[in-house]
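Colleague: I am new to this structure and would like to learn how to read it. Please take me through it one feature at a time.

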Amino acid sequence: MGKVRICLIGAGRVAKVHGFNLKVHIPSSEVVAVVDNQLSIARKLAEELGVARVFKDYQKALHWDKFDAVVVTTPTFTHHPIVVDAAQAGKHVFCEKPITLNLKEADSMIEECQKNGVKLQIGFMRRFDPEFILAKRKVEEGVIGELLLIKSTGRGPGLPPEWAWDIQKSGGMLAEVASHDFDALMWFTQSRLETVEAIAANYRCPDLKIRYPRFYDTAVVLGTFYNGKMGVIDMSCPVGYGYDARVELLGSEGVMFVGDVRGKNLSWSTRDKGMNLLQYLSWRERFKEGYIAELQHFINSIIKNTSPLVSGEDGRRSLAAVIASNCSIQTGKKLRVTY
Ligand SMILES: NC(=O)c1ccc[n+]([C@@H]2O[C@H](COP(=O)([O-])OP(=O)(O)OC[C@H]3O[C@@H](n4cnc5c(N)ncnc54)[C@H](O)[C@@H]3O)[C@@H](O)[C@H]2O)c1
């Protein structure tokens, strides 16, 4: 097989990261078309990437047909129809998290990909981050004994785009920001969340509550797992101070920390200012290597005809936990997660 030809569907924030990673870091791939329903946005990214074909309507791109796979980075509420149509057109699918908004849609996305013999990978790039991979291996080797409790902190510097403020379109900030944390919890514990109990508040964006009554910017989720472990997620955005993704794993024989708010390995001290440390300011920066590695993995799985390590089912179980947590926020009850 020659280069895997990619059509980017969506040309916004994360599309730019994926587009440049494919172009610069993954020579076994080639971006051949860019789609965005705002044509000027598609044109701009296509120009930056040196891509000739631009489409406003993804159906027209599927009809054009001169590619092998799609990278879907449109807003969450559009993932379902696009992934189903792409699968039916025989295209392999890399779809950003969260997979979609409800389990019925997730099921049909997974089913259509299976039925049409195409790969489906969900964008949980933390699974490809060198620190997360090493931590997972060390936990499996038993360096902290038996894993008992996992805490995941996910905080973003700014607000996502406006469509994401509407819980009907994004699944709320637990879906938009904390999907990764839910996935990390279940990946590390090798189990599924059985119950969740969540609280949330809108501390930072009072204006948004007027237009989007269910908007929250900060949440805490307590979870129990089928294998008896415990989990905690704390999520907040926009925190302003940087992009803060940390996991703490408590075991019977010790503790492990993944990530650090201090970020980069450079610090300096001056007479008048005390200690200066460099933080990660964005998700692009913090998971730079993970974003490249996840796409390389997707391309390799097409070339080698292997199953992607992060599957549609992984996207679905993170979504199930998000849905139950949003419901817990509304009802004030501890709930069983329905898968
Ligand atoms: N993995 C990560 O770390 C990460 C980071 C950011 C966003 N995301 C996810 O990626 C997705 C996109 O997020 P974003 O921040 O890039 O959004 P965005 O709003 O910046 O970009 C989305 C783009 O899709 C276009 N679009 C909307 N509907 C379309 C349609 N039907 N057909 C074609 N184009 C359409 C919009 O015009 C926009 O340019 C979301 O699901 C989000 O949760 C993941």
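Colleague: What should I know before starting?

Modeller: This is a predicted model, in which local features need pLDDT of at least 70 and side-chain atom pairs count only at pLDDT 80 or more, while totals for chains, interfaces and linings use all residues. Residues are numbered from 1 along each chain as its sequence is written, and side-chain values use heavy atoms, with hydrogens and water left out.

Colleague: Which residues come nearest to the ligand?

Modeller: A residue is near a molecule if one of its heavy atoms lies within 4 Å of it. There are 25 residues around the ligand, and Arg13, Asp36, Glu96, Glu176 and Tyr291 come nearest.

Colleague: Which polar side-chain atoms lie by an oxygen atom of the ligand?

Modeller: Glu176 has one at 2.7 Å from a ligand oxygen. For Asp36, a side-chain N or O atom is 2.6 Å from an oxygen of the ligand, and for Thr76 the separation is 3.0 Å. The protein covers 90% of the 850 Å² of accessible area that the ligand has on its own; such areas come from the Shrake-Rupley method with a 1.4 Å probe, and for residues only the protein chains shown count as cover.

Colleague: How do I read helix α9, residues 179-189?

Modeller: Helices are DSSP runs of H or I with at least four residues, strands are runs of E with at least two, and both are numbered from the N terminus. Buried means under 20% relative accessible area, exposed over 50%, and partly exposed in between (1.4 Å probe, protein chains only). In α9, 11 of the 11 residues are buried, so the helix is largely enclosed by the rest of the structure. Among them are His180, Trp187 and Phe188.

Colleague: What follows α9?

Modeller: Gln190 does, with a positive phi near 55°, in a residue other than glycine. Gln190 is placed in the loop between α9 and β8 (193-201) and is exposed, at 58% relative accessible area.

Colleague: How far does helix α12 reach?

Modeller: The expected span of a helix is 1.5 Å times one less than its number of residues. Helix α12 (residues 288-303) has 16 residues and reaches 23 Å from first C-alpha to last, close to the 22 Å expected. Its buried residues include Tyr291, Glu294 and Phe298. Tyr291 is also one of the residues that come nearest to the ligand.

Colleague: Why does Thr78 count as buried?

Modeller: Thr78 counts as buried because its relative accessible area is 19%. This residue is in the loop between β4 (69-72) and α4 (79-88). A polar contact is a pair of N or O atoms within 3.5 Å; within protein, one must be able to donate a hydrogen and the other to accept it, and residues adjacent in sequence count only if both atoms are side-chain atoms. The side chains of Thr78 and Thr74 make one of 2.6 Å.

Colleague: Where does Ser236 lie?

Modeller: Ser236 belongs to strand β10 (residues 230-236) and is buried, at 5%. A polar contact of 2.9 Å links the side chains of Ser236 and Thr218.
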